[in-house]
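Subject: Structure for you to look at

Hello,

Here is the structure I promised to pass on. Please open it first, then read my notes below with the view beside you.

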Amino acid sequence: MAESEEEVDVLVQRVVKDINNAFKRNPNIDEIGLIPCPEVRYNRSPIVLVENKLGVESWCVKFLLPYVHNRLLLYRQRKQWLDREALVDITCTLLLLNPDFTTAWNVRKELLQCGVLNPEKDLYLVKLALSKHPKSPETWIHRRWVLQWLQKECSPSGQELKDQAEPRGDAVGRRPCERLQRALQEEMRVCADAAGRYPSNYNAWSHRIWVLQNMAKGNLKVLHDELSSTRLWVSMHLSDHSGFHYRQHLLKALARELSQVGETELHPSKQPNGESTAGASDDNHHNDVIPQLFHEEMELCTDLIESFPGHETLWCHRRHVFYLWHQWRREHLQGAGSQSPPLTHTDVLLSEEPCDDSSTSQTMDVDCVLDGSKHGSYTQDTKRLKRGPLLPHPALPSEHTFVSRILTDCRSTEQNRFAIAYRKWLDSVIGFHDPYMQRPRHITLIFLAP
Amino acid sequence: SCSLSITVHVFSNLIMEEASPPLRCFSESHSSELFSDDGVQTVTSREQVSLTLSISYVCQFLARCQSPTGGFGGGPCQHAHLAPTYAAVNALCILGTEEAYEVISREKLLDFLYSVKQPDGSFVMHVGGEVDVRSAYCAASVASLTNIITPTLFDGTHNWILSCQNWEGGLGGVPGLEAHGGYTFCGTAALVILGKEHMLDLKTLLRWVTSRQMRFEGGFQGRCNKLVDGCYSFWQAGLLPLLHRAFFKEGDSTLSVSSWMFERKALQEYILLCCQNPGGGLLDKPGKSRDFYHTCYCLSGLSIAQHFGNKDLHNELILGRDENRLVPTHPVYNICPEKVAQAIEHFHRLPVPVQTGPTPSAMDQS
């Protein structure tokens with residue numbers, strides 16, 4: 001069936017208008033989609049609005065898309081003029097159908113820059129486009145552009161200029177940090193939605209990391225909140241490598257930020273009379289928090305591995321968390337920032353199973369280990385140790401025990417394979433590089449048996 | 001035994017996508033160059049070959065995609081972008097005529113590369129765009145082929161690429177991101193061009209990429225715990241020749257002299273058995289539709305799997321009939337090695353241009 005250009009023109013005008021009207025009728029549209037409907041129906045609108053869902057019947061796309069695409073290109077080549085409203089409508093229609101069309105996003109950037117478009121509208125359009133195309137790279141890139149543009153506009157100098165230009169209205173009551181908080185939550189929501197729509201959505205999770213780095217830099221609370229809020233999500237998406245990678249990123253960021261906090265607490269100011277003041281009352285807090293975080297993550301990992309055998313991502317996550325932990329411990333054993341080498345040394349002793357011929361006792365009797373290196377009264381270290389039994393920190397022997405346990409109980413060949421591969425990795429990568437982490441020989445003998 | 005055959009029917013459908021025409025030129029010309037003339041006749045005896053490559057026509061079209069300020073855009077009158085620039089230069093090198101080489105304005109291309117260069121050594125994909133490691137590969141590829149590398153062009157680039165390698169051993173799109181097949185290839189190949197591949201943690205990278213070959217399917221996945229995809233036959237398997245060469249340069253005596261470090265037969269099986277469309281063209285996995293991109297990269301991966309080494313150490317492992325044989329592809333540029341040599345020879349007779357455009361720091365990147 002051949003379509004005349006007039007017919008297509010009429011159709012396109014109608015569709016663009018219908019989409020526009022749909023948004024006017026319902027500003028709460030939260031999802032768009034394609035309705036499989038191959039039969040051409042000229043006298044019916046292909047736009048379907050049900051509750052908050054906007055549908056486009058598939059038959060119209062092959063007419064609509066080239067036509068609208070072409071009109072925009074002609075505009076760009078300055079061969080055909082389009083007024084601003086037409087541009088907004090056309091780009092909106094185009095991007096809902098094909099969000100990887102960079103030119104359309106660029107047109108909207110220009111409209112934003114000359115004040116014709118509200119940036120919130122674009123963030124909304126991006127969110128809708130992502131509901132149908134959760135991976136679309138150009139869409140995520142545009143979102144970041146808008147967010148950066150907004151940040152510039154809302155910076156102190158930007159805000160001042162805006163206030164001078166217009167009456168303040170209800171913007172008076174809004175505080176920048178409240179707005180930022182809401183913006184942050186919205187970003188996380190958009191990322192989570194997109195991540196749920198497509199497995200291992202690299203672009204969604206990369207955007208989430210970008211948000212942390214650009215909208216919440218060094219914000220410990222946000223990092224902690226993200227760790228809690230993604231815990232349930234990853235537990236329900238066990239093969240989502242990107243989701244678990246995000247948690248690895250959070251752990252790394254938290255370890256880095258907390259260590260820096262610790263650094264500043266390590267150098268208490270000296271009083272004029274030469275005595276040094278005590279640091280914060282619990283200046284070892286960061287030294288507790290980081291191991292605690294790693295411990296909890298390993299526990300989560302153990303739990304999931306045991307409950308859901310055969311997911312490679314979980315084993316990969318375990319490797320990464322253990323590796324991060326291993327690295328952090330090495331840095332804090334040898335690093336200049338470490339306040340308590342003896343503590344870590346004791347910590348290692350406490351977490352390892354007794355060596356066959358070792359003379360070190362697994363003991364809570366701290367004094368005999370620390371005594372030689374610290375004189376004077378109780379240090380924070382000893383106080384902390386005397387509080388109670390330490391959480392067992394991840395270490396090579398405990399990991400080997402974990403692997404054996406899995407191998408004994410496991411009925412899944414995949415799980416079996418992953419467990420053996422993990423053990424091999426422990427030996428060849430971790431054990432090889434760190435003499436501190438060498439596992440005791442008697443355990444080696446057990447594992448040599450087939 | 002089942003007969004494995006490969007048929008390619010190069011089709012033309014206009015896909016309404018940006019950055020498509022130069023990429024299509026590259027995909028189509030590379031796909032066809034992988035078949036020697038004989039191969040095309042024998043293999044496609046049952047199918048109609050609709051491959052018409054008018055070299056002049058393509059040159060003229062690509063010339064229209066070249067931006068007046070340098071580089072190539074996704075179509076005529078579009079802004080320059082590193083992906084179509086990479087594709088256009090590759091396509092022109094495949095065509096390999098004087099006319100083709102002369103399409104490229106080397107001085108402007110250099111200006112374009114400087115205009116997207118960032119102070120930290122990375123490149124944005126286009127002016128005002130975002131950084132990711134593909135851009136470094138695109139830039140290094142076109143600059144080395146056309147001999148426009150100035151002393152400062154790649155300042156800091158290798159360090160930036162190295163920072164994209166994460167603990168897994170692969171490389172992410174930007175530092176801190178998840179390791180990903182496409183980005184890993186781009187970063188590694190760029191480092192090979194810059195002569196800095198030895199600075200990577202090669203062993204961890206080797207461990208990561210070899211773990212990406214799927215034991216059941218035989219093909220490669222892009223990331224841990226993801227599904228197999230035919231295009232990774234090149235992006236992932238293509239890393240093994242690069243790594244092999246890197247280890248060889250380090251004097252590793254345990255290196256194989258007969259095979260890349262992946263299961264070559266299994267990969268060929270996956271491509272031939274699972275990635276062919278009966279009407280011609282190749283695809284991601286069964287159930288998916290064919291497209292130029294997958295046709296190009298499945299075939300490139302097939303070539304990598306078929307051919308090991310070069311010169312004296314060259315050996316072939318062709319699964320199925322002899323007609324399945326493709327010609328070798330260059331593991332860094334992914335065009336035929338003869339075309340690489342020819343282009344480099346041509347452009348090295350010309351002097352390196354002088355940068356005339358503004359320096360990156362002087363440009364407003366917002």
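The side chain of B:S27 reaches the backbone oxygen of B:L23, at a distance of 2.7 Å. Keep in mind that this is a predicted model. B:S27 sits in helix α1 of chain B, which covers residues 20-33. Is B:S27 buried or exposed? Its relative accessible area is 7%, so B:S27 is buried; the cut-off for that word is under 20%. Leaving aside residues up to four places away in sequence, B:S27 touches B:F292, B:Y293 and B:C296. Another pair to look at is B:S27 and B:L326. They are 299 residues apart along the chain. Their C-alpha atoms are separated by 15 Å.

Next, the aromatic rings. Counting over all chains, the structure holds 26 aromatic pairs. Take B:F185 and B:F234 as an example. Their ring centres are 4.9 Å apart and their planes meet at 55°, so this pair is tilted.

Now the salt bridges. There are 27 of them over all chains. One is formed by the side chains of A:R144 and B:E130, with N and O at 2.6 Å. A:R144 lies in helix α6 of chain A, while B:E130 lies in the loop between α6 (106-116) and α7 (133-145) of chain B, so this pair joins two chains. How accessible are the two partners? A:R144 is buried, with a relative accessible area of 10%. B:E130 counts as partly exposed, at 25%.

A second salt bridge stays inside chain B. The side chains of B:R223 and B:E178 meet at 3.0 Å, N to O. B:R223 lies in the loop between α10 (202-210) and α11 of chain B, and B:E178 in the loop between α8 (157-162) and α9, so the pair ties together parts that are 45 residues apart in sequence. B:R223 and B:E178 are both buried.

B:R325 has a relative accessible area of 31%, and B:E316 has 36%. Over in chain A, salt bridges that share partners join A:D30, A:E31, A:K53 and A:R197 into one network.

Let us turn to the interface. How many residues of chain A are in contact with chain B? The count is 34 residues of chain A, against 24 residues of chain B. The area buried between the two chains is about 2,500 Å². Carbon and sulfur atoms give 54% of that area.

Two salt bridges are counted between chain A and chain B. The one between A:R144 and B:E130 was described above. There are also 13 residue pairs in polar contact across the interface. Several helices of chain A each supply at least two residues of the side that touches chain B, among them α2 (61-76), α6 (137-154) and α11 (241-265). The largest share comes from α13(A), with six residues. By class, this side of chain A has twelve nonpolar, 16 polar and six charged residues.

Last, chain A as a whole. Chain A has 19 helices and three strands. Of its 450 residues, 46% are buried. Take the contacts in chain A between residues at least 6 apart in sequence: 66% of these join residues at least 24 apart.

Best wishes

Technical notes:
Residues are numbered from 1 along each chain as its sequence is written. Chains are lettered from A and ligands numbered from 1 in the order in which they are written. This is a predicted model: local features need pLDDT of at least 70, side-chain atom pairs count only at pLDDT 80 or more; totals for chains, interfaces and linings use all residues. Side-chain values use heavy atoms; hydrogens and water are left out. Contact means heavy atoms within 4.5 Å. Buried area is the accessible area (1.4 Å probe) that two parts lose on being put together, summed over both. A salt bridge is a side-chain nitrogen of Lys or Arg within 4 Å of a carboxyl oxygen of Asp or Glu. A polar contact is a pair of N or O atoms within 3.5 Å; within protein, one must be able to donate a hydrogen and the other to accept it, and residues adjacent in sequence count only if both atoms are side-chain atoms. Helices (H or I, at least four residues) and strands (E, at least two) are DSSP runs, numbered from the N terminus. Ala, Val, Leu, Ile, Met, Phe, Trp, Tyr, Cys and Pro count as nonpolar, Asp, Glu, Lys and Arg as charged, and the others, Gly among them, as polar. Rings of Phe, Tyr and Trp (its six-membered ring) pair if their centres lie within 6.5 Å; planes under 30 degrees apart count as stacked, over 60 as edge-to-face and the rest as tilted. Buried means under 20% relative accessible area, exposed over 50%, partly exposed in between (1.4 Å probe, protein chains only).
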